[in-house]
Amino acid sequence: MFPVTRPRRLRRSAALREMVRETRLAPTDLIYPLFVRHGKGVRTEIGSMPEQFHLSPDTLVEEVGAAREDGVRAVLLFGIPEAKDERGSEAWADGAAVQAGVRALKSAYPDVLVITDICLCEYTSHGHCGVVHDGRVLNDPTLELLAQTAVSHARAGADLVAPSDMMDGRVGAIRSALDAEGFDDIAILSYAAKYASAFYGPFREAAGSAPQFGDRRSYQMDPGNVEEALREVAFDLEEGADLVMVKPALAYLDVIRRVKDAFGVPVAAYNVSGEYSMLLAAAQRGWIDRERAILETLTAIKRAGASILLTYHAREAARLLG
Ligand code: PBG
């Protein structure tokens, strides 16, 4: 008891504070999400996400080369299609932007882990994550399309696939399709507990994927639920997910902790577009210290139990962690 105990003794210097720090970030924790489209020499800044860009396969290679220099070892690719249709058929087209981006990256930097997002919302004319009939998003007919997309990404050379659609049974469908094509060593990072969140706003502008009618609440989770997140994770693990994700991160730190404690598997968390843009907007106005806020945010997500952090701050964070 005070004055014998004085917690401040261990806070007296940087060397001491760093020695007793319980949660340490490392560049190897980070996954850097990127948006790929067709073309050459494209580097168009995304209005709702300052300092993030639409890239073509060639500029994607440049960006990932620079990120690799910063210490980033893993990327997650989203595709911007040339044309959309009812079923989102460009998602599984061999020559589509993601597939081209994966090929370019794997030949330039075979050591960089390339993860692809599996979903239809960027590719469908209605902007929903599955097949639509009579205003409803149909579950089972969507599974085959997602599985086909995963196989197409694996053929292009993706190291992991990450289904983000929230259809029931999609992890199992993707696992069997990959296995049937000889891709039994390609891991699945499942967006297992993905909430219907306002924090995806900036992403929908970046990916042009806003639903044209209704919203995603019939498939993404209700923000009030956590027991349900545990069930979702359990189902995905049973279906063959290798890694599970909670998304978004900041408003769901308790969900990350519950998932980590219940399953003990590596948990990923997605520091989503809205979280990124809020921080940058406040920093641009001089209201918060950008670098400290980034490291504090990522430390909090890791402290909550996530060991894999998907973040648009990846390059800057890796540089700061040096
Ligand atoms: C596709 C998908 C979304 C995000 C990742 N994959 C958007 C959505 O579900 O509406 C969001 C990523 C972000 O906000 O950074 N389903």
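**Pockets, a cavity and the backbone**

Guide: The second largest pocket has a volume of about 220 Å³, and please keep in mind from the outset that this is a predicted model. As a general idea, rolling a probe the size of a water molecule over the atoms shows where empty space is left.

Visitor: Which residues lie nearest the centre of the second largest pocket, and how many line it?

Guide: Its lining is made of 15 residues, and those nearest the centre are Tyr32, Glu51, Gln52, Arg315 and Arg319. Strand S1 (30–36), strand S3 (49–55) and helix H11 (314–321) each supply at least two residues of this lining, with S3 giving the most, namely four residues. Sorted by class, the lining of the second largest pocket has six nonpolar, two polar and seven charged residues.

Visitor: What is the volume of the largest pocket, and which helix gives the most to its lining?

Guide: The largest pocket holds about 620 Å³ of space, and helix H10 (residues 290–303) gives the most to its lining, with six residues. Altogether 16 residues line the largest pocket, and Arg21, Thr23, Leu295, Glu296 and Thr299 lie nearest its centre. By class this lining divides into six nonpolar, two polar and eight charged residues.

Visitor: Pockets are open, but how many cavities of 30 Å³ or more does the count give?

Guide: The count comes to one cavity of 30 Å³ or more, and about 160 Å³ of space lies in this largest cavity. Of the 19 residues that line the largest cavity, Phe78, Lys194, Tyr200, Phe203 and Lys247 are the closest to its centre. The lining divides into nine nonpolar, four polar and six charged residues, and S9 and H6 each supply at least two of the lining residues.

Visitor: What takes up the space of the largest cavity?

Guide: That space is taken by the ligand. The shell around the ligand has 19 residues, of which the closest are Lys194, Arg204, Lys247, Ser273 and Tyr312; by class, the shell has 11 nonpolar, three polar and five charged residues. Strand S9 (187–194) and helix H6 (201–207) each supply at least two residues of this shell.

Visitor: Which side chains have an N or O atom at 2.9 Å from an oxygen atom of the ligand?

Guide: An oxygen atom of the ligand lies 2.9 Å from an N or O atom in the side chain of Arg216, and the distance given for Gln220 is likewise 2.9 Å, again between a ligand oxygen and a side-chain N or O atom. For the side chain of Lys194, the corresponding distance to a ligand oxygen is 2.7 Å. Taken alone the ligand exposes 400 Å², and the protein buries 100% of that area.

Visitor: Turning to the backbone, which peptide bonds are cis, and which residue has a positive phi although it is not a glycine?

Guide: As a general idea, most residues other than glycine have a negative phi, and most peptide bonds are trans. In this model, a cis peptide bond with omega of about 10° joins Phe2 and Pro3, and Pro3 lies in the segment before helix H1 (14–19). Another cis peptide bond, with omega of about -10°, joins Lys247 and Pro248, and Pro248 is in the loop between strand S10 (243–247) and helix H8 (253–263). The residue with the positive phi is Glu51, at about 70°, and Glu51 is found in strand S3.

Methods:
Residues are numbered from 1 along each chain as its sequence is written. This is a predicted model: local features need pLDDT of at least 70, side-chain atom pairs count only at pLDDT 80 or more; totals for chains, interfaces and linings use all residues. Side-chain values use heavy atoms; hydrogens and water are left out. A residue is near a molecule or strand if one of its heavy atoms lies within 4 Å of it. A polar contact is a pair of N or O atoms within 3.5 Å; within protein, one must be able to donate a hydrogen and the other to accept it, and residues adjacent in sequence count only if both atoms are side-chain atoms. Accessible areas come from the Shrake-Rupley method with a 1.4 Å probe; for residues, only the protein chains shown count as cover. On a 1 Å grid over the protein atoms alone, a cavity is a set of points where a 1.4 Å probe fits but cannot get out, and a pocket is an open set with protein on both sides within 12 Å along at least five of seven lines; lining residues have an atom within 4 Å of a point. A molecule sits in a cavity or pocket if more than half of its atoms lie within 2 Å of its grid points. Ala, Val, Leu, Ile, Met, Phe, Trp, Tyr, Cys and Pro count as nonpolar, Asp, Glu, Lys and Arg as charged, and the others, Gly among them, as polar. Grid points are joined across faces, edges and corners, and a volume is the space filled by probe spheres set on the points.
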